[in-house]
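Please consult the sequence and the coordinates alongside the text.

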Amino acid sequence: MEREFRRITWSHMYPHGTGKARTCRDCHQSAKTVGLGYGSLTYLGKGKWRFTPTEAPAELLGLKHGLSALTNLSGEPLVNFRPGVSAFSGPEIRRILRVGLCLPCHRDFSDPVMRNWPPKRPCPVFKE
């Protein structure tokens, strides 16, 4: 019986807290780091984002997304993960990227605003 190819299985080797340190921007402004793959992100306002992939879909493998994509903006997994590993959920992706909106003015935790900002308080510049 012939088996149909559905998804790539992805097994990440290094958890979040290990390895070389990244800058805040490396994670909070990167489509690839949050699992969307290679491409560009656009903030549309009111908590909405658009992701434009730079990779063509891997149609020969039966995929409608590029090989670097692990999830979409809604947090739906596009690959299989080993047990105990998952992509970020849609709300997690939005929270991660929301911090990236503040980074042009508030670069790191040495800024008092970044250290003391209440988690649920909206940004006065980028209103939710």
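What does the accessible surface of the protein chain come to, and what percentage of it belongs to carbon and sulfur atoms? The surface comes to about 9,500 Å², and 57% of it belongs to carbon and sulfur atoms; the areas were computed by the Shrake-Rupley method with a 1.4 Å probe, and for residues only the protein chains shown count as cover.

The model is predicted: local features require pLDDT of at least 70, side-chain atom pairs count only at pLDDT 80 or more, and totals for chains, interfaces and linings use all residues. Residues are numbered from 1 along each chain as its sequence is written, and side-chain values use heavy atoms, with hydrogens and water left out.

**Overall fold**

The protein chain contains three helices and four strands, arranged along the sequence as β-α-β-β-β-α-α. These elements are DSSP runs numbered from the N terminus (helices: H or I, at least four residues; strands: E, at least two). Of the 128 residues, 23% are buried, where buried means under 20% relative accessible area, exposed over 50% and partly exposed in between (1.4 Å probe, protein chains only). Among contacts (heavy atoms within 4.5 Å) with a separation of 6 or more, 46% join residues 24 or more positions apart.

| Element | Residues | Feature |
|---|---|---|
| H2 | 90-102 | 13 residues; 19 Å from first to last C-alpha |

The largest nonpolar core consists of nine residues: Ala31, Val34, Leu36, Trp49, Phe51, Ile93, Ile96, Leu97 and Leu101. Such a core is a set of buried Ala, Val, Leu, Ile, Met, Phe, Trp, Tyr and Cys residues joined through side-chain atoms within 4.5 Å. H2 contributes the largest share, four residues. Beyond four places in sequence, Phe51 touches Ala31, Leu36, Gly37, Tyr38, Gly39, Ser40, Leu41 and Leu73.

Ala56 counts as exposed because its relative accessibility is 59%. Not counting residues up to four places away, Ala56 touches His65 and Gly66. The C-alpha atoms of Ala56 and Gly66 are separated by 5.6 Å, although the two residues are 10 residues apart along the chain.

Definitions and conventions: The expected span of a helix is 1.5 Å times one less than its number of residues.
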